[in-house]
Amino acid sequence: MKRFANQIPQSLRNSTSRSVKSAMSKPRFGPTGIVRSEMKNGIKITSAQDTGFMFAACTIMFQAGSRYETHDDLGATHFLRLASTGGGCRATAFSKLRVLQQAGAYITTTLDRQTVAYTLRCPLHMFSDLKYYLLDTAVGCCYHDWEITDLKRIVRGDLNRIHPEQRVIDLIQKAAWAGPLANSVYCEEDRIDSMDGEKLRNYVSMNFIPPMCSVASVGVPFEETMKIAEKIERSSEEHLPQSQKVYPRMGHEYYDLGPDSDTWIAVAVPSCDSWDFQGVFKHAIIASACGTDNMQEGMTSMNRIPQSPLGLISDKDVHTDCRAFNISYIDTGLFGILAKTPSCSAYRISKMIAEFLARVGELGVTQIEEGKERLLLNLAIHDEDCVRICEGLALQSLYNSQIDCAENSAKIIQGISSEEVSATAKLLSSKCHQMAIAIVGDIGVVPVDQDIFRR
């Protein structure tokens with residue numbers, strides 16, 4: 001090793017030494033140098049400039065998720081996600097794919113019931129050339145009928161390939177709410193053939209509007225981010241989508257995978273909306289205190305030790321896995337327990353997680369403090385993903401929040417007392433009579449909803 005070190009040029013060794021020292025002398029925890037602005041047309045802009053990342057990322061986010069679909073265009077957001085690979089006003093689908101691949105860049109499209117987000121990740125020095133492909137994807141897609149026809153086969157494939165865990169999370173929201181939030185992020189089978197380019201163009205013109213848009217960037221100069229926002233223009237006939245009231249349903253939904261199949265079970269109760277970010281943090285602490293991950297993992301999925309106390313439900317059954325989750329939207333939220341188990345133990349596990357959710361208010365101070373530490377660790381781990389940070393900044397802009405980074409989140413979490421979290425947990429327990437249930441798998445062996453309610 002000593003001989004090898006002597007063969008390294010002195011200049012390279014000095015450069016490496018200086019870079020290591022500078023990295024050690026300047027600890028970083030999340031993006032800094034965040035600049036905010038808002039244009040006259042309502043577009044919110046956020047730019048995190050000093051990040052230290054090798055890559056840049058930019059997100060264009062619209063508050064136009066599946067909850068804004070009407071009866072005439074149900075399933076439109078599913079097609080919008082897939083149509084992001086299609087041709088636009090500036091580039092064809094082939095040229096877009098070729099240029100992005102040659103540059104080592106990519107564009108992702110993510111959506112939920114509340115938002116649709118388009119994100120470009122690329123080397124920083126190439127952003128000024130590639131930003132037009134992001135604009136072409138987000139606000140310049142043509143939605144040609146022949147492209148939509150080709151996408152129908154892919155949509156059908158998506159419906160067949162949905163992972164059961166994704167399906168049960170989608171169904172638990174459908175079971176919990178009546179109204180626009182019951183709209184699935186997946187297009188229903190009987191609506192695929194009726195979808196065409198005209199419906200997508202109408203949906204975009206009605207919902208992709210500046211007052212419902214935010215633009216965020218990581219590692220990109222603020223001026224460049226501003227130029228992107230200036231390109232997002234619509235006609236003067238803009239109007240805000242009518243807000244439809246969400247009604248609690250708290251029912252049950254099932255999807256049968258056949259006898260003896262693995263079964264996914266979700267139970268949930270109402271929680272807080274995303275405007276109450278203190279409440280969101282409290283529910284996140286409760287979820288982490290219940291257990292959302294594994295304490296230790298081996299080379300296989302079965303070689304693991306789940307976090308307690310939810311991990312104790314499996315009773316050393318390596319085929320059973322349980323975790324807590326929290327979902328927040330602009331006007332409501334959902335807190336629940338998700339379990340995956342073999343068919344033979346589905347009956348027992350479903351009753352146990354319902355009982356656990358009904359008694360979540362019994363979490364102790366020690367468990368709550370452990371939940372804080374778990375949540376802080378997860379925030380630090382994910383703070384190195386520029387795409388995730390960029391989408392988070394865009395979402396904060398839509399909700400007029402200024403959390404910025406994991407470091408500020410950590411300060412908020414540490415400032416929340418265990419007594420406040422315990423009171424929130426007790427409030428969740430008091431809502432057990434409003435429990436919603438979703439089951440995907442062998443539905444014949446799972447108790448009906450009345451049996452679960454009589455836990």
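Biologist: Which residues have the most contacts inside the largest nonpolar core?

Modeller: Happy to start there, with the reminder that this is a predicted model. The largest nonpolar core has 55 residues. The elements giving two or more residues to this core include β3 (55-62), α3 (76-83) and β7 (213-218). The residues with the most contacts inside the core are Ile 60, Phe 79, Tyr 143 and Val 215.

Biologist: Which element gives the most to this core?

Modeller: Among the elements that supply two or more residues are β5 (116-123), α5 (127-138), α6 (145-161), α8 (197-207) and α9 (222-230). With 6 residues, the one that gives the most is α5.

Biologist: Leaving out residues up to four places away in sequence, what does Tyr 143 touch?

Modeller: Tyr 143 is one of the residues with the most contacts inside the largest core. Leaving out residues up to four places away in sequence, Tyr 143 touches Leu 80, Ala 83, Tyr 118, Ile 148, Gly 197, Leu 200, Arg 201 and Val 204.

Biologist: How many residues are in the second, separate core?

Modeller: Good one to look up in the viewer. This second core is separate and includes Ala 289, Cys 290, Leu 357 and Ile 412. Its size is 39 residues.

Biologist: Are helices α12 and α14 roughly parallel or antiparallel?

Modeller: The axes of α12 (residues 365-381) and α14 (residues 406-415) come within 10 Å and cross at roughly 175°. Angles over 145 degrees count as roughly antiparallel. That crossing therefore makes α12 and α14 roughly antiparallel.

Biologist: How many nonpolar, polar and charged residues does the contact of α12 with α14 have?

Modeller: On the α12 side, Lys 372, Leu 375, Leu 376 and Leu 379 take part. They meet Ala 406, Ser 409, Ala 410, Ile 413 and Gln 414 in α14. By class, that contact has 6 nonpolar, 2 polar and 1 charged residues.

Biologist: And how are α10 and α14 oriented to each other, roughly parallel or perpendicular?

Modeller: The axes of α10 (residues 277-290) and α14 come within 10 Å, crossing at roughly 80°. The range from 65 to 115 degrees counts as roughly perpendicular. So α10 and α14 are roughly perpendicular.

Biologist: Which residues of α14 make the contact with α10?

Modeller: From α10 come Phe 277, Gln 278, Phe 281 and Ile 285. The residues of this contact divide into 5 nonpolar, 2 polar and no charged. On the α14 side, the residues are Ser 409, Ile 412 and Ile 413.

Biologist: Is Val 168 buried or exposed?

Modeller: Val 168 sits in helix α7 (residues 164-176). Beyond residues up to four places away in sequence, Val 168 touches Trp 264, Ile 265, Ala 266, Leu 338, Ala 438, Ile 439 and Val 440. Buried means under 20% relative accessible area. Val 168 has 0%, so the word for it is buried.

Biologist: What separates the C-alpha atoms of Val 168 and Tyr 254?

Modeller: Along the chain, Val 168 and Tyr 254 are 86 residues apart.

Biologist: Does Gly 444 count as buried or exposed?

Modeller: Gly 444 lies in the loop between β15 (436-441) and α16 (449-453). Over 50% relative accessible area means exposed. At 67%, Gly 444 therefore counts as exposed.

How values were computed: Residues are numbered from 1 along each chain as its sequence is written. This is a predicted model: local features need pLDDT of at least 70, side-chain atom pairs count only at pLDDT 80 or more; totals for chains, interfaces and linings use all residues. Side-chain values use heavy atoms; hydrogens and water are left out. A nonpolar core is a set of buried Ala, Val, Leu, Ile, Met, Phe, Trp, Tyr and Cys residues joined through side-chain atoms within 4.5 Å. Buried means under 20% relative accessible area, exposed over 50%, partly exposed in between (1.4 Å probe, protein chains only). Helices (H or I, at least four residues) and strands (E, at least two) are DSSP runs, numbered from the N terminus. Contact means heavy atoms within 4.5 Å. Axes are lines fitted to C-alpha atoms, for helices over the stretch in contact, and angles run from 0 to 180 degrees between N-to-C directions. Angles under 35 degrees count as roughly parallel, over 145 as roughly antiparallel, 65 to 115 as roughly perpendicular and the rest as oblique. Ala, Val, Leu, Ile, Met, Phe, Trp, Tyr, Cys and Pro count as nonpolar, Asp, Glu, Lys and Arg as charged, and the others, Gly among them, as polar.
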